[in-house]
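Here is a walk through one protein model. Keep the structure open and follow along from helix to helix, then across the domains.

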Amino acid sequence: MNIQWYPGHMTKTRRMMEENISLVDVVIELIDARIPYSSKNPEIDELAKNKYRIIVMNKSDLADDRATEIWTKYFEDKGFKVLLTDAKSGKGVNSVTNMAKDLMAEKIARLKQKGRIFVPVRAMIVGIPNVGKSTFINKYVGKTTAKTGDKPGVTRGKQWIKVKKDFELLDTPGILWPKFEDPEVGLKLAFTGAINDDILDMETAAYEFINLMVATYPDRLRERYNVEFDTIEPVHEIFEK
Ligand SMILES: Nc1nc2c(ncn2[C@@H]2O[C@H](COP(=O)(O)OP(=O)(O)OP(=O)(O)O)[C@@H](O)[C@H]2O)c(=O)[nH]1
Ligand SMILES: [Mg+2]
């Protein structure tokens, strides 16, 4: 099954990001801790070159801790600052302030030396649809300022949010990229809710999902749906159950 989803509003968002990138020092990219590779938009690196970078592995409450540890190291080795969060409960969210300020420390000191008294930190929050950007911002700010929802495409248009006197965040709509070279990437984005259900053949997607779960976390599938099956059973039989 080959899934591609790149509606027009994503092109528009990308353009908006390019227009606003010069206003920010830090780019905070939220990825889904369950699918760190598939949820990292390869176009962000180009957009955010020359910016301070933070990768937030959100939904870490739903991910496999051991895998999360390995991926954290992977991104740190590539030079990113990495933060693990559960934006729903708020766990880890507040650490982003110090992380951003640490990254900015040298620049702030340099500007202050030149006589600037007030140096605000401005950051852009980016990420795939439904990854939790608006939930993250709401927890961070401590009140509901950004609209959230259990489907992709809730945020429309940009929104500046003043967190503190010296910290501002730009919330953006989720975007994907024009082509998923690897079909597995499209599938994993669909399984985790980054792709609009309307364009999916649900039965085929379910078969693919069962295949993946049987090969990786069969016990979680048994628990979640309260079914018994053997991992060598044909997928349609597990589906029927
Ligand atoms: N379990 C869990 N759920 C989360 C977490 N963060 C967000 N969610 C849920 O994920 C869904 C999407 O959250 P949003 O904040 O609307 O996501 P978004 O990235 O702003 O989505 P778009 O605006 O559509 O791009 C909501 O149902 C949230 O409650 C998390 O860390 N853990
Ligand atoms: Mg949003």
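**A walk through the model**

Serine 95 lies in helix H4 (residues 95–113). Helices (H or I, at least four residues) and strands (E, at least two) are DSSP runs, numbered from the N terminus. Serine 95 is partly exposed because its relative accessibility is 39%. The scale is this: buried means under 20% relative accessible area, exposed over 50%, and partly exposed in between (1.4 Å probe, protein chains only).

The model is predicted: local features need pLDDT of at least 70, side-chain atom pairs count only at pLDDT 80 or more, and totals for chains, interfaces and linings use all residues. Residues are numbered from 1 along each chain as its sequence is written, chains are lettered from A and ligands numbered from 1 in the order in which they are written, and side-chain values use heavy atoms, with hydrogens and water left out.

Now jump along the chain. Serine 95 and glutamate 223 are 128 residues apart in sequence. In space, their C-alpha atoms are 33 Å apart. Glutamate 223 is exposed because its relative accessible area is 55%. Its partner is arginine 220, and the two form a salt bridge with the closest N and O atoms 3.4 Å apart. A salt bridge here is a side-chain nitrogen of Lys or Arg within 4 Å of a carboxyl oxygen of Asp or Glu. Side chains of opposite charge can pair when their charged atoms come close. Arginine 220 and glutamate 223 are three residues apart in helix H8, so about one helical turn separates them. Arginine 220 is exposed too, at 51%.

Helix H8 (residues 218–225) holds another such pair, aspartate 219 and arginine 222. Their side chains meet in a salt bridge at 2.7 Å, N to O. They also sit three residues apart, so about one helical turn lies between them. Aspartate 219 is partly exposed, at 48%. Arginine 222 is buried, at 18%.

Where else do charges pair? A search of the whole structure finds 19 salt bridges. One of them joins the side chains of lysine 162 and glutamate 168 at 4.0 Å, N to O. Lysine 162 counts as exposed because its relative accessibility is 54%. Glutamate 168 counts as buried because its value is 16%. Elsewhere, Glu29, Lys40, Asp45 and Arg53 are linked in a network of salt bridges.

Next, the start of the chain. Methionine 1 is placed in the segment before helix H1 (8–20). It is partly exposed, at 31% relative accessibility. What does methionine 1 contact, leaving aside its neighbours within four places in sequence? The list is Pro183, Leu187, Leu200, Asp201, Thr204, Ala205 and Glu208. Contact means heavy atoms within 4.5 Å. Methionine 1 and threonine 204 are 203 residues apart along the chain, yet their C-alpha atoms are separated by 7.4 Å.

Helix H6 (residues 183–191) has these buried residues: Val185, Gly186, Leu187, Lys188, Leu189 and Ala190. They pack against helix H7 (202–216). Aspartate 182 caps the N-terminal end of H6, with a side-chain oxygen 3.0 Å from the backbone nitrogen of glutamate 184. After H6 comes glycine 193, whose phi is positive, near 95°.

Serine 60 takes us to a loop. This loop runs between strand E2 (52–58) and helix H3 (65–77). Serine 60 counts as buried because its relative accessibility is 17%. Not counting residues up to four places away in sequence, serine 60 touches Ala33, Asp65, Leu84, Thr85 and Asp86.

Finally, the domains. The domain assignment gives domain 1 (8–171) and domain 2 (183–240); such bounds come from an automatic or database assignment. Their contact takes eleven residues from domain 1 and nine residues from domain 2. The C-alpha centres of the two domains lie 30 Å apart. Between them they bury about 760 Å², 63% of it on carbon and sulfur atoms. Buried area is the accessible area (1.4 Å probe) that two parts lose on being put together, summed over both. Ile35, Ser38 and Pro152 supply 52% of the area that domain 1 buries against domain 2, more than any other three residues. The count of salt bridges between the domains is zero.

Definitions and conventions: A polar contact is a pair of N or O atoms within 3.5 Å; within protein, one must be able to donate a hydrogen and the other to accept it, and residues adjacent in sequence count only if both atoms are side-chain atoms.
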